[in-house]
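Here is a short briefing on one protein model. Look over the sequence and the structure before reading on.

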Amino acid sequence: MITLHVARADNGVIGKDGKMPWHLPADLKRFKAQTMGKPMIMGRKTFESFPSPLPGRRHIVLTRDPAWSAPGAEVAHSVAAALALAGPGDVAVIGGAEIYALFTDRADTVELTEIHLSPAGDAHVPAFAGWQETARDDHPAEGGRPAYSFVTLARQ
């Protein structure tokens, strides 16, 4: 099963200058719980945005650069190669925008955090049209943090 894990603002922004333009501890906690023990497929920029590899998960990095490598990264140069490295079982696809685009047609589910604001950004993901919402958990704005919703989408 391939699951996209996406935190997306109402205007489609997922990042700015290699970072998320918000800080939501609840989203980070949910992401950790959902990806722990699973192979994660990501792009090079996403991998490089981490201070170090995330514990308890494999980091499969899909890159066009044949010379790129980094400690803690398993390198793939195609979608097929990334999936072969992941092997059987659940796979978490964690971004960025180009990686989501490559895997959207193959994904079974989307674990989406909708961030209810419209920040400036340089990485965008379009809305997930044609998917069925199967779960939603809304959270109000609190302590300077924006309102957000945890949403699960399934392919129709």
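Which element gives the most to the lining of the largest pocket? The answer is α1, with 6 residues. The model is predicted.

**The largest pocket**
- The volume of the largest pocket is about 1,300 Å³.
- Its lining is made up of 40 residues, and Thr46, Ser49, Ile94, Gly95 and Gly96 are the closest to the pocket centre.
- Helices with at least two residues each in the lining include α1 (25–35), α2 (44–49) and α4 (97–103).
- Strands β1 (2–9), β2 (13–15) and β7 (109–115) also supply at least two residues each.
- By residue class, the lining of the largest pocket holds 16 nonpolar, 11 polar and 13 charged residues.

**Arginine 64: setting**
- Arginine 64 sits in a loop, with β4 (58–62) on one side and β5 (73–76) on the other.
- The relative accessible area of arginine 64 is 72%. Arginine 64 therefore counts as exposed, since the cut-off is over 50%.

**Arginine 64: contacts**
- Leaving aside residues up to four places away in sequence, arginine 64 touches His77 and Glu98.
- Histidine 77 is 13 residues from arginine 64 along the chain, yet 5.7 Å separates their C-alpha atoms.
- With glutamate 98, the link runs through side chains: a polar contact of 3.0 Å joins glutamate 98 to arginine 64.

Notes: Residues are numbered from 1 along each chain as its sequence is written. This is a predicted model: local features need pLDDT of at least 70, side-chain atom pairs count only at pLDDT 80 or more; totals for chains, interfaces and linings use all residues. Side-chain values use heavy atoms; hydrogens and water are left out. Helices (H or I, at least four residues) and strands (E, at least two) are DSSP runs, numbered from the N terminus. Buried means under 20% relative accessible area, exposed over 50%, partly exposed in between (1.4 Å probe, protein chains only). Contact means heavy atoms within 4.5 Å. A polar contact is a pair of N or O atoms within 3.5 Å; within protein, one must be able to donate a hydrogen and the other to accept it, and residues adjacent in sequence count only if both atoms are side-chain atoms. On a 1 Å grid over the protein atoms alone, a cavity is a set of points where a 1.4 Å probe fits but cannot get out, and a pocket is an open set with protein on both sides within 12 Å along at least five of seven lines; lining residues have an atom within 4 Å of a point. Grid points are joined across faces, edges and corners, and a volume is the space filled by probe spheres set on the points. Ala, Val, Leu, Ile, Met, Phe, Trp, Tyr, Cys and Pro count as nonpolar, Asp, Glu, Lys and Arg as charged, and the others, Gly among them, as polar.
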